[in-house]
Amino acid sequence: MTYTDDEVALLAERLLDRSLPKDQWTHAAHLTATLRLVRTRDRDLERDLPDIIRAYNVAVGGVNDDASGYHETITQAYLAAIRAFAAALPPGVSDGEAAARLLATPLGDKAWPLSHWSRDRLFSVEARRGWVDPDLAPLAHPPARGV
């Protein structure tokens, strides 16, 4: 999946205003919208992103419960990794190019978290509701403590 600069901005905007159609909320869209938010309004995203995602899920008819919807450990792991990725980008890289580069990394694979967490640990209620440390391999860029 590739996005233009305008599409990246619109994706984040439609996540925030909850107008993005549910079928467009793919793994690539999750990463791309988060990258845009990191690049444009990174302050307090550890705190704000969970509520943004929860509200979006409800707006498109989803739920946030012990089995589906918002997942704290996955969100915070990706946020920390995307923040590190964005910090390493050379100056002047456009949003579309940044998204393409991000999606070409291991983060672009939905299975990336399973290289750090066992399936049972990652998909536990505990990991969905709060931060759970990896049990297979440490993260190169763990979230700030206190998450």
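Select tryptophan 117 and tryptophan 131; this is a predicted model, and in it both residues are buried. By the ring-pairing rule there are three aromatic pairs. One of them joins tryptophan 117 to tryptophan 131, edge-to-face, with 5.8 Å from centre to centre and 80° between the planes. This pair links distant parts of the chain, 14 residues apart. Tryptophan 117 is in the loop between α5 (95-103) and α6 (119-122), while tryptophan 131 is in the segment after α7 (125-129).

Next, show the largest nonpolar core, which has 39 residues. Which of these touch the most other members? They are Tyr3, Leu35, Ile82 and Leu107. The elements giving two or more residues to this core are α1 (5-16), α2 (27-41), α3, α4 (72-87) and α5.

Stay with leucine 107 and display its surroundings. Neighbours within four places in sequence aside, leucine 107 is in contact with His27, Leu31, Tyr78, Ala81, Ile82, Leu102 and Trp112.

Now move to helix α3 (residues 45-59) and pick asparagine 57, which is found there. Is asparagine 57 buried or exposed? Asparagine 57 counts as buried because its relative accessibility is 10%, and the cut-off for buried is under 20%. Not counting residues up to four places away in sequence, asparagine 57 touches Trp25, Gly62, Asn64, Gly69 and Tyr70.

The charged end of arginine 54 sits over the ring of tyrosine 70, 4.4 Å from the ring's centre.

Note on methods: Residues numbered from 1 in each chain as written. Predicted model: local features only at pLDDT ≥ 70, side-chain atom pairs only at ≥ 80, totals over all residues. Heavy atoms only, no water. Phe/Tyr/Trp six-rings, centres within 6.5 Å; stacked < 30°, edge-to-face > 60°. Helix = DSSP H or I, 4+ residues; strand = E, 2+ residues; numbered from the N terminus. Buried < 20%, exposed > 50% of the residue type's maximum accessible area, 1.4 Å probe, protein only. Lys NZ or Arg CZ within 6 Å of the ring centre and 35° of its normal. Contact = heavy atoms within 4.5 Å. Core = buried A, V, L, I, M, F, W, Y, C linked by side-chain atoms within 4.5 Å.
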